[in-house]
Amino acid sequence: MQETDLTHADYDFVVCGGGLAGYCAAIAAARIGVRVALVQDRPVLGGNSSSEVRVVPRGSTTYHAGAREGGVLAEAMALERARNHEELFENGWTNSVWDLTLYDIAQRTEGLTLHLNTQVMDVEREGDSIAAVRAYTPSEERWSRISGRVFLDATGDGIVGARAGCEIRNGTEAQSEFDEPHALPEASADTMGNSLHFKTKDVGRPVDFDLPEWAHEYTDPAFFYEGGRRPNDVRGGFWWIELGKPWDTIADAEKLRHELTRHTLGVWDWMKNKDPELRDRTANLALDWIGQLPGKRESRRIMGLHLMTEHDLLATEPPADEVAYGGWNIDLHTPGGMLAATSEPTAAEGYILTAPAATRAYVGPFGIPLRSLIAKDVDNLVMAGRNVSATHVALGSIRVQATTALMGQAAGTAAAVSLRDGVPLHQISDTAIQTVQQRLLRDGCFLTGVVNQDPDDHARAAQLTASSETSFVGAGPDDEPPVALPGEKTAGAKQELSQLRSQWLPVAAGPDAPGVESIQVLLRNRGAQPVTVPVAVSPVTHVWDYRVTVPDSATAEVVVDPGDHWIDVPVPTIPADAPQSYLRVDVAASPDLDWVRAGRTVPYAVSAFEHTPGRLRRFGDGVTMSHRVSPPQPVHPADAAIRGAARPHRAPNLWLSEPTDPQPSLSLAWSEPITVSELQLSFPGQLLREYDRTPPLWRDPGIPANYRILVRAGGEWREAEAVSDNVLPCRVHRFEATEVTAVRVEFDQQPGGVGVHEVRVY
């Protein structure tokens, strides 16, 4: 090919790969103001989450209450649910509304150019840097040379890094290399496999299915029911339709696609025609869709400035250059997939949460360092997605899509800061990490070890007042949720104390706090004799403080007579200089007792159980157990909206109005006039449960739909903007720069009161 045959395009930042990692990187960087190209080899965005593959994005929220991922991903998920008539479940039902939602956000993002149906074929390297990528668009029979100053490899298979000559890892490391508990004794080329999904439709009458002669036939029930491949939801799926070894997930991709098709049809034939448990349930179901683009879990990994290992997932403190977080378990699928004796280990155990594989694999939330997203062998390459700098074991946790989306936004933000401020990528983790972290917080992301310290945020210097403030008193069995959360009826219905159970409750601290005089829990004795049970009440550092044994705990043994009783538990001493914090009530395991579940879930006051000796895990899908605290705790003041964190963590970090307030409002005032052109609001949207638990056309009741922004300029109030039909958890409002002395946001009344996690002013 001659140089004259190429179409030339030049950008600041070239993102290769349009899965959720690359997509979030491109949106984030363009919003900061750099010129971005997003090069994607498919006609749709979203990668494994798209309608071509249909893996619903999941992440830390599967294991940790209040850990749902924010930023660009949260924006897309909120918009998709509000627009989509289709129900979601784990795999198979993603439709084109999701594709269009991603496309719509991209089209509305200034400075972002999409190159769809365009495959990166080669890399031009000049010295220690990448100068350009060469790409081919088959639909236009066109070759392109796309140059840039910084590049992102989010291709999954690490195509850019490999073509640029970066050090690559493949397969599994030996335990002797990094002493990882999950690593195997010997290194191998084994990787996790690819999966194919299917979807069915209820046609209202019996319908036959004939297995093609070229498809694989299953006849052994043990393969499914003893091998961890139980087809629980007959409507579609399944992640365990997986193949890898002995094939290579890159070199043998087309062989794997064909073999997966054969096995997927065989699974449906088993369910439809052979399985005595499923034949009746599937009688009226017809095969509606079967994927032909397998979803990949693992291939190449590009080595960066830091290699994440299992030890990073077990760390108790985040790294100094934390730019994202993870919390999925160490989910290492069995090599071979359908050809192996059993599927993924926790599934093979029957998903018993206290079984050995499940307890060993449980990690997080943990911080992800920026250094693992910066290639060590090229000066201007960042990575995001499943090709980041991590061992096979660490990848088992960080490879899931919601986590890769956060890594993508982090990599895109770091690239944009590098370009804007002239900081070399290899120095940014040391010299400009606070700039990157503060920008991520500003853009709706959460970091476990960083709070808002943005010097440009005028809200931090404001005096905040509110029309009303709610105090916390606990929750009981007769409480009705203002609006039921998704999964409210089924989340953790079991109440028996089969393991130690814990309940977080927020309390106010400091010199003006009212103190805590009493705490009660509602216990049920199902037996005929009194039961004595140990309890402890502990000051804990945050909502993910999973230590069973905590210093300065107050302990006692309480007696529970037969029946239901509110039981007093001890109250620890809270230092006068302590910040607003949490207490946690722990009730020991007792086979004759129930801890009665509250009638509503308080998203920032949920419960846990002793998952493994000395360590807790969220109970159910996020459940509040019945408890009371006296006197009422003023944990939702107006200034909670400038505490530095836009979600519950070390405190609820939430201004919450009284439910009866007819017009809730939050006001900020300054002693001297300031110039304002931007107001940002973060609302308490659904952080508690995974995205696929939300129903069609869902509009989160925690997100105010209608409100007005007023500014006081020249001594008079005027309306700057009126908002209606909002569904986004983080809103940025821009208007003409105005010199003001106060800003007020007035909300329509809503059930349960109006909440704001954070307000920012620029």
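Over the ring of which residue does the charged end of Arg 235 sit? In this predicted model, the ring belongs to Trp 93. The charged end of Arg 235 lies 5.3 Å from the centre of that ring.

Contacts between rings were examined next. A pair of aromatic rings is described by the distance of the centres and the angle of the planes. The structure contains 21 aromatic pairs. One of them joins Tyr 218 to Phe 224. Their centres are 5.4 Å apart, with 65° between the planes, and the pair is edge-to-face. Phe 224 also pairs with Phe 223. In that pair the centres are 5.1 Å apart and the planes meet at 85°; this angle is over 60 degrees, so the geometry is again edge-to-face.

Tyr 218 has a relative accessibility of 6%, which is under 20%, so Tyr 218 counts as buried. Phe 224 is buried as well, at 1%. Phe 223 has 16% relative accessibility and therefore also counts as buried.

Tyr 218, Phe 223 and Phe 224 belong to a cluster linked by ring pairs.

Note on methods. Residues numbered from 1 in each chain as written. Predicted model: local features only at pLDDT ≥ 70, side-chain atom pairs only at ≥ 80, totals over all residues. Heavy atoms only, no water. Phe/Tyr/Trp six-rings, centres within 6.5 Å; stacked < 30°, edge-to-face > 60°. Buried < 20%, exposed > 50% of the residue type's maximum accessible area, 1.4 Å probe, protein only. Lys NZ or Arg CZ within 6 Å of the ring centre and 35° of its normal.
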